[in-house]
Amino acid sequence: MAPSPWIVETSSEKFQEDVLERSKTVPVVVDFWASWCAPCRALAPILERLADEHQGRFVLVKANTEQMPELAAAFGVEVVPTVFALRNGAVVNHFQGLLSEAQVRQWLQQVLPSEAEVLTAQARKLERTDPSAAEAAYRKALELSPNEIAARIGLARTVLAHGRIDEARQIIDELADLGALDAEGERLQAEIVLHTQALQAGGVESARAAAAADPENLALQLQLARALAAAGQHEEAMEICLQIVHRDRRGAGEQARELMVFLFHLLGPDSELTSTYRRKLALALY
């Protein structure tokens, strides 16, 4: 038989790549076995047949314990065969000994992504190239699993990108009420606030014209900063905020400071803009 793309013979040198890193993109099933083990020889064709049948929904990695005893020990393998399932670099389930094909199928159902999770992952990949198809995939995932948090957040992200702010806000508000917002959900929540403020300011060009007509009006400068932030022009927005802080620390400067802090949260601590303007803001304040 031709080698299967879904079955990998690993080694001590490649185990990190074959198992831990690979599991961040696709579920990995690791079969710890030994050549002298009769149950291992009986289980192997079952696992291999199911790996080929599932056509990439998981990758089977075969680990010979005689060649890599240190890795078997690290996984706590005491008997062979022992089979682990990993997702996102972590073990999510395992079994020991010989199972029937029906039992292995049942075990796989517990560890493989659901159809809704698969659709959600596909939708995320489609967001940049085909937003309409991404939205349809998210909605299909939610038909199958209405409580799929990643799909709900993905749908909010997609409709917000289409400018449907109220629809995105409703999704995020429902998740917030459930206490189910993750870091991405909180970032979207911040984006929605910025988009709402930008609408109130009348958009970037309108806000820029108003600010240029009355450059001493710090409230109009702040509106421009908000419109720029919502449009993704974060550096210019923060530079305007910084100038407002310098000119009026206690009045409009406080609102400008709040907007800068809001953008720091939106961009995240690893952003170069966050690092640069957090330092500049600290110097302006102290």
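Which residue in β3 is the bridge partner of Val-8? In the predicted model described here, for which local features need pLDDT of at least 70, side-chain atom pairs count only at pLDDT 80 or more, and totals for chains, interfaces and linings use all residues, that partner is Val-61. Residues are numbered from 1 along each chain as its sequence is written, and side-chain values use heavy atoms, with hydrogens and water left out.

Strands and helices are DSSP runs numbered from the N terminus, a helix (H or I) having at least four residues and a strand (E) at least two. Two strands are taken to pair if DSSP finds at least two bridges between them. Five strands form an open sheet of mixed pairing, in the order β1-β3-β2-β4-β5. From one strand to the next, the twist averages 20°.

Strand β3 runs parallel to β1, to which it is joined by three bridges. It also runs parallel to β2, with six bridges between the two; here Val-28 has Val-59 of β3 as its bridge partner. Strands β4 (residues 82-87) and β5, by contrast, run antiparallel and are joined by six bridges. Within β5, Val-91 stands opposite Leu-86.

Burial was assigned from relative accessible area (buried, under 20%; exposed, over 50%; partly exposed, in between; 1.4 Å probe, protein chains only). Six of the six residues of β3 are buried, so this strand is largely enclosed by the rest of the structure. Val-59, Val-61 and Ala-63 point one way from β3, whereas Leu-60, Lys-62 and Asn-64 point the other way.

A right-handed β-α-β unit is made by β2, α2 and β3; right-handed denotes that, with the strands pointing away from the viewer, the path from the first strand over the helix to the second runs clockwise. Helix α2 (residues 38-54) lies across β1, β2 (28-33), β3 (59-64), β4 and β5, and runs at about 155° to β3. Axes are lines fitted to C-alpha atoms, for helices over the stretch in contact, and angles run from 0 to 180 degrees between N-to-C directions; contact means heavy atoms within 4.5 Å.

The loops beside these elements hold several backbone features. Gln-55, in the loop between α2 and β3, has a phi near 50°, a positive value in a residue other than glycine, and is exposed at 56% relative accessibility. Asn-88, in the loop between β4 and β5, likewise has a positive phi, of about 55°, although it is not a glycine; its relative accessible area is 58%, and Asn-88 is therefore exposed. A cis peptide bond, with omega about 0°, joins Val-80 and Pro-81, the latter lying in the loop between α3 (69-74) and β4.

Helix α6 (residues 131-144) comprises 14 residues and reaches 20 Å from its first C-alpha to its last, close to the 20 Å expected at 1.5 Å a residue. Its buried residues are Ala-134, Glu-135, Ala-137, Tyr-138, Ala-141 and Leu-142. Seen down the axis of α6, these fall within an arc of 165°, so they line one face of the helix, the arc being that of the directions from the helix axis to the C-beta atoms. They pack against α5 (115-126) and α7 (149-161), while Ser-132 and Glu-143 are exposed on the other side of α6.

Key:
The expected span of a helix is 1.5 Å times one less than its number of residues.
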